[in-house]
Number of protein chains: 2
Amino acid sequence: MNRREALKLSGAAMYSLSQSLLSNASSLKPAAMAQTPIEQWGIFEVSVKGPESGNPFLDVSFRATFRRHNRTVNVPGFYDGNGIFRVRFMPEDIGEWTFETASNIPELNGQTGRFDVVVASKSNHGPVSVTGGRHFCYADGTPYSPFGTTCYAWVHQGDELENQTLRTLSTTRFNKIRMCIFPKSFPYNHNEPVYYPFPRDASGKNDTQVFNVQFFQHLERRIQDLCNLGIEADVILFHPYDRWGYSSLPKEVDDRYLRYVIARLASYRNVWWSLANEYDSVKTKSMADWDRFARIVEEEDSFHHLRSIHYNKQVYDYSKQWATHAGVQSYDFICEFPKTRQWFLDWRKPIIFDEFQYEGNISDRWGNLSPEEMTRRCWLCIISGCFASHGETYKDPSDIIWWSKGGSLHGSSPDRIGFLRKIVEECGPVGLRAVDDSYYLSAAAGQDTILYYFDYHRPEEYEFRLPAGFTYRAELIDPWNMTIAPVDGAFTGNAKLKLSGSPFHAVRFRKTI
Amino acid sequence: MNRREALKLSGAAMYSLSQSLLSNASSLKPAAMAQTPIEQWGIFEVSVKGPESGNPFLDVSFRATFRRHNRTVNVPGFYDGNGIFRVRFMPEDIGEWTFETASNIPELNGQTGRFDVVVASKSNHGPVSVTGGRHFCYADGTPYSPFGTTCYAWVHQGDELENQTLRTLSTTRFNKIRMCIFPKSFPYNHNEPVYYPFPRDASGKNDTQVFNVQFFQHLERRIQDLCNLGIEADVILFHPYDRWGYSSLPKEVDDRYLRYVIARLASYRNVWWSLANEYDSVKTKSMADWDRFARIVEEEDSFHHLRSIHYNKQVYDYSKQWATHAGVQSYDFICEFPKTRQWFLDWRKPIIFDEFQYEGNISDRWGNLSPEEMTRRCWLCIISGCFASHGETYKDPSDIIWWSKGGSLHGSSPDRIGFLRKIVEECGPVGLRAVDDSYYLSAAAGQDTILYYFDYHRPEEYEFRLPAGFTYRAELIDPWNMTIAPVDGAFTGNAKLKLSGSPFHAVRFRKTI
C-alpha cells in the first residue's frame with residue numbers, strides 16, 4: 001500500500017473513530033464502557049452537551065481525569081460550539097482506563113466512563129520524543145529521523161489546494177511539516193484565509209472573546225490527514241507575518257488561544273509545538289512572553305509533545321529546560337553548521353535546521369537555492385548529527401508556492417532528500433553523531449555505520465581510519481544521482497579507497513555481522 | 001606576438017643587455033659612458049674585478065651610489081664569484097645617470113661612470129606598486145590586477161621541467177607566480193634540488209659562510225624569464241618545508257642571506273618580496289625575527305618592491321607599516337572572505353588571497369577543489385575587492401605537481417581565471433570595491449562598472465539598484481562557460497533583469513558614454 005492509498009484508508013478510519021465517539025457523546029452514560037476499543041496513542045474523546053448561553057468559551061470550565069492503575073492524567077477540555085464540550089485523551093498504556101469529568105457546570109461535572117485501549121495498529125508508532133540526547137524515536141521505540149518540509153499556511157488555502165498538498169506529500173518521503181496555525185501575510189501571500197481563528201466582523205475587527213470552531217475543526221482534520229500519511233505536524237503557534245492582528249493580541253487572549261489550541265490538538269500523536277516562527281521578528285512580544293508561552297505549553301499539554309521555537313537572527317537559548325530540541329534558522333548555513341559542535345555541548349538536545357534557505361528561483365536571497373545546494377545542505381546537516389528541513393520557493397503565476405501554500409512540488413531536491421532518509425534509516429537504531437577528529441566530514445552510528453560526506457572535496461583516493469577491531473563493507477554514494485555502489489572486499493583499520501573523483505559524494509562503511 | 005614568442009625574443013634581448021654589461025665590466029673606465037642605453041626600469045649593472053682571496057662574501061663591502069639631478073640612490077652590491085663584484089640598478093627616471101662605487105677594497109672603491117636611460121619598451125611598464133589603497137598598478141600607471149599562480153619550488157627542478165613550466169605559463173593569463181628561493185621538502189617533494197643556495201659537503205653540512213653563486217645566477221635567470229612573460233615573481237624568502245637546514249639557520253646567516261638576495265634581485269622590476277610562506281609554521285623563528293627581516297627588506301631594497309608575508313593559521317597583522325599588502329591564507333575561505341570588509345578597514349591595503357586551497361584530486365584537504373569551486377573562489381575574491389591566487393594539485397605518477405614543481409597544467413580553472421582577468425581589466429582603471437549595501441554580492445569600479453556575482457543564488461529575475469544619474473548597458477556573464485551575453489536596452493535606476501536561472505553566474509553593468 002503506498003502513501004496515497006494510506007491517506008484514503010487510514011485517514012477515513014481514524015477520523016471516523018473520533019467522529020463516532022463524538023456522535024455518541026451527548027448520550028454517553030456515566031461509567032458505561034465505550035463501544036469501540038481505542039488503540040494506544042489513538043484519540044479517546046469524551047463529548048458532553050452543556051450550555052450554549054452566555055459565552056461558553058469564557059464562562060465554562062471543563063476537564064477530565066483519566067486513570068489506569070496508579071497512573072492519573074489530567075486533561076483540559078474545550079468548547080466546540082453548539083453546546084458541545086469535549087475532552088480528548090491520547091492513551092499511552094494498553095488496558096482499561098476510566099475517566100471523570102470536572103466542570104463549574106453541574107451537567108458537565110462528574111461524568112465518568114471506562115474504555116479499553118488495545119495495541120496500536122502497525123502504522124501507529126505513537127508520538128515522537130527525544131532519545132539518546134541528540135535523536136528522536138517514536139513511543140514504541142522505532143527510530144525517527146525528521147526529514148521535514150515547510151508549508152506555513154497550507155491549512156488556509158481551501159480544500160482543493162489542501163487536498164493537492166496532501167496528495168503531493170503522499171508521493172514524497174517527507175515525514176514532518178512545519179505549519180502555522182495563523183494565516184500568513186507576506187510577499188506571495190496576499191489571499192485571505194478560508195477560516196479565521198476568531199470571528200471577524202465586516203470592519204475586520206476580531207472577536208477575541210470566542211473562537212471560530214469551524215477553523216479549529218478544519219485544522220484538526222488536516223493534522224489528522226497528516227497523521228494518516230505518517231507525517232509529524234510541527235505546529236507553529238505564533239508568527240510575525242500578519243495583517244489581521246494575530247501577532248499583537250492582548251496577553252490574556254494569547255494565553256487563552258494557547259490553552260484552546262492545546263486542549264484541541266494535544267491528543268493528536270503527530271503534533272509538535274513550535275512556539276514561533278522567527279520569534280525575534282514578533283516585535284510585540286518580549287522574552288517574558290515567550291517564557292510564559294513555554295510554561296503554558298508545558299503545563300497544558302498532558303501528553304508532553306515535543307516543544308521548540310524558531311528564530312530569525314537571535315539564536316534562541318535552547319538550553320532552557322522547556323525546549324525539547326532546537327529548531328534553528330541559518331541564513332549563512334555553510335558557515336554556521338560547524339557551530340553545531342558547540343551547540344550540542346551547550347544545549348544537549350537534538351538540533352533541527354528548520355530553515356537554511358529554500359530550493360527555488362525567487363529574487364529573495366533565502367529562496368533561490370539550486371536543488372544541488374539544497375541536497376548538499378541536507379547532507380551537511382546529517383553529517384553534523386543534526387536534521388534538516390526542506391522548503392521550496394519556485395515562482396508561480398498565481399503565487400502558489402510550496403513553502404507557504406503547498407500545492408505541487410517543482411524541485412529536484414525532494415527525491416534526493418528521500419534518498420538521504422533511506423541512507424540514514426539504514427544506519428540502524430543508533431543515530432549518527434559527528435566524528436570530531438576526522439579529516440573530512442564524517443558521522444558514526446556507534447560502531448555500526450560510518451558515513452563520510454566529502455562536500456566540495458574530491459580526492460581521487462583516501463585512506464579511511466576505521467574503528468579498530470571491526471570489519472566493514474564500503475559503499476560509494478552519489479547523493480545527486482542516488483546511487484549506492486558497493487566496493488569489493490572487506491575493510492579494517494586504515495583502509496584506502498579509490499573514490500569517484502566528483503565533489504559532493506559520500507562513502508558509507510557498514511560493519512559486517 | 002603571443003607570449004611564447006615573447007619569451008624567446010625579449011628574454012634573450014633583456015638578459016643579454018645585462019650580460020653585455022657584465023662582460024665589459026672589468027674594463028669599465030671611470031666616468032666613461034656605457035655604450036648601450038638602458039631602458040627605464042631595466043637593469044644597469046656595474047661589475048668590477050676584485051679579490052678572490054679570503055672570503056669575499058664576508059670580507060669585502062661593495063656598493064654604489066647612483067645620481068641624477070637631485071636624486072641619489074644607494075644600492076648594495078654583491079660578490080658573484082670568480083673575483084667579480086656587481087651592483088645592479090633599476091633606473092626609475094629617463095635621462096643621464098652617474099654612479100660611484102664604494103668599497104673597503106681600493107680597486108673596487110671610487111669607480112664612476114655615466115649612462116643614459118631611455119623610455120621603456122612597450123611591454124615594460126615598470127614595477128608594480130599599490131594604488132588607490134586597495135589596488136595595484138605598474139610604475140607607468142597601467143592598472144595591474146594580480147591573477148597569480150603557485151609553483152613553490154619550480155626553480156629547483158632542472159632546466160627541462162623549468163622550461164616546460166615557462167612554456168605552460170606562456171599559454172596562460174597568469175601574471176604573477178608565488179615561488180620560493182629555498183627548495184621544498186614536503187609530501188610529493190622528495191627530490192633533491194639541482195642547486196643548493198649554500199655549498200654543501202658530502203655529509204650534508206652547509207657552508208653558510210659563502211653562497212653558491214650558480215644557484216643565484218640560475219634563480220635570476222628564472223626571474224628574468226618570468227619578467228619576459230610579463231609575470232611578477234612573488235619571491236618567498238623563508239618557508240618551513242625543509243630538510244636541509246634552511247629554515248633554522250643562525251640569525252646572522254638569515255640576515256646575510258636576505259641582504260645577498262636583495263642585492264642580487266631587487267633590480268628586477270618584476271620582483272615582489274614575501275617574507276615567508278606560512279611564517280607561523282616556521283617554529284624556529286619568532287615575531288621579532290620576522291620584524292627584523294621586514295626592516296632588512298625595507299632598508300636594503302633600494303627600489304621599494306612590494307612586501308608582504310603569508311601565514312598558515314595565525315592571521316598576520318598587515319597593518320604593520322612595512323607590509324605593502326596582505327597575502328592571506330584561508331582554509332575556510334567561503335566563511336572567511338566576508339572578513340575582508342573588516343580587514344580593509346583595519347589594514348587599508350590591497351588583499352591577495354595567496355592560498356585558499358587548490359584545484360586537484362590529492363587526498364589532502366587543501367588540494368582537491370573542483371575547477372568549478374576554484375573558479376567560484378576566484379570570483380568571490382574579486383567581488384570582495386580582493387585578488388586570488390591559483391594553485392593546482394593533480395596526482396601525478398612522478399609527483400610532478402604544478403603547485404610545487406610546475407610542469408604542465410591539467411585543470412580547467414586557469415582558462416576561467418583568464419576570463420575573469422579579462423572581465424576585471426575591462427572594468428577600467430579604477431579597481432573594484434565591494435558594494436556593502438547590495439542584496440547580493442557586488443563590486444563597483446567607481447560609477448563606471450558594477451559587477452554582480454550571484455554565487456549559489458539563482459533568482460529567475462532581479463531588480464538591480466543602479467547609481468542614480470547614469471545609464472548602463474547590461475551583460476549576463478557565465479563564468480564557467482566564459483560567455484558574455486549583452487542584454488538589449490539601456491538601464492537606469494531600478495532595473496529588473498531576467499537572469500540565467502543557473503547558480504554561479506554574474507551580471508555586469510557598464511556605463512554608457
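Two residues are in contact here if their C-beta atoms, placed from the backbone, lie within 7 Å. By that rule, 22 residues of chain A are in contact with 22 residues of chain B. This is a predicted model, in which local features need pLDDT of at least 70 and side-chain atom pairs count only at pLDDT 80 or more, while totals for chains, interfaces and linings use all residues. Residues are numbered from 1 along each chain as its sequence is written, and chains are lettered from A and ligands numbered from 1 in the order in which they are written.

**How the two chains meet**

- Helices (H or I, at least four residues) and strands (E, at least two) are DSSP runs, numbered from the N terminus.
- On the side of chain A that touches chain B, α7 (333-336) and β26 (461-465) of chain A each supply at least two residues.
- β26(A) gives the most to that side, with three residues.
- The residues on this side of chain A comprise nine nonpolar, six polar and seven charged. In this count Ala, Val, Leu, Ile, Met, Phe, Trp, Tyr, Cys and Pro are nonpolar, Asp, Glu, Lys and Arg are charged, and the others, Gly among them, are polar.

- The same surface serves both copies, since 100% of the contact residues of chain A recur in chain B.

**Chain A as a whole**

- Chain A contains 11 helices and 30 strands. Its radius of gyration is 24 Å, close to the 24 Å that the globule rule gives for 513 residues, so chain A is as compact as a globular protein of that length. The radius is taken over C-alpha atoms, and the rule is 2.2 Å times the number of residues to the power 0.38.
- Along the principal axes, the C-alpha atoms of chain A fill a box of roughly 75 × 50 × 40 Å.
- Buried residues make up 49% of the 513 residues in chain A. A residue is buried if 20 or more other C-beta atoms lie within 10 Å of its own, exposed if 12 or fewer, and partly exposed in between, with C-beta atoms placed from the backbone.
- Of the contacts in chain A with a separation of 6 or more, 69% are between residues 24 or more positions apart.

**The eight-stranded sheet**

- An open sheet of eight strands in chain A has the order β17-β16-β15-β14-β13-β21-β19-β18, with parallel pairing. β17 (307-308) and β18 (326-329) of chain A stand at the edges with a single partner strand each, so one side of each is left without a neighbour in the sheet.
- Two strands pair if DSSP finds at least two bridges between them.
- Strand β13 (residues 147-150) of chain A is covered on both faces: A:Phe147 and A:Thr149 on one side, and A:Gly148 and A:Thr150 on the other, are all buried.
- β13(A) runs parallel to strand β21 (residues 387-389) of chain A, joined by two bridges, and A:Gly148 stands opposite A:Ser389 in β21(A).
- β13(A) also pairs with β14(A) in the parallel sense over three bridges, where A:Gly148 stands opposite A:Lys176.
- Strands β14 (residues 176-180) and β15 (residues 232-238) of chain A pair in the parallel sense over five bridges, with A:Met179 opposite A:Val235.

**Helix α4**

- Helix α4 (residues 213-228) of chain A has 16 residues and reaches 22 Å from its first C-alpha to its last, close to the 22 Å expected at 1.5 Å a residue. The expected span is 1.5 Å times one less than the number of residues.
- Among the buried residues of α4(A) are A:Phe215, A:Phe216, A:Leu219 and A:Ile223, along with A:Glu220 and A:Asp225.
- A:Gly230, which follows α4(A), has a positive phi near 75 degrees.

**Two residues to look at**

- A:Ala444 lies in strand β24 (residues 442-445) of chain A and counts as buried, with 21 C-beta neighbours inside 10 Å.
- Leaving aside neighbours within four places in sequence, A:Ala444 is in contact with A:Leu432, A:Arg433, A:Val435, A:Thr449 and A:Ile450.
- A:Asp455, in the loop between β25 (449-453) and β26 of chain A, has a positive phi near 50 degrees although it is not a glycine. A:Asp455 is partly exposed, with 18 other C-beta atoms within 10 Å.
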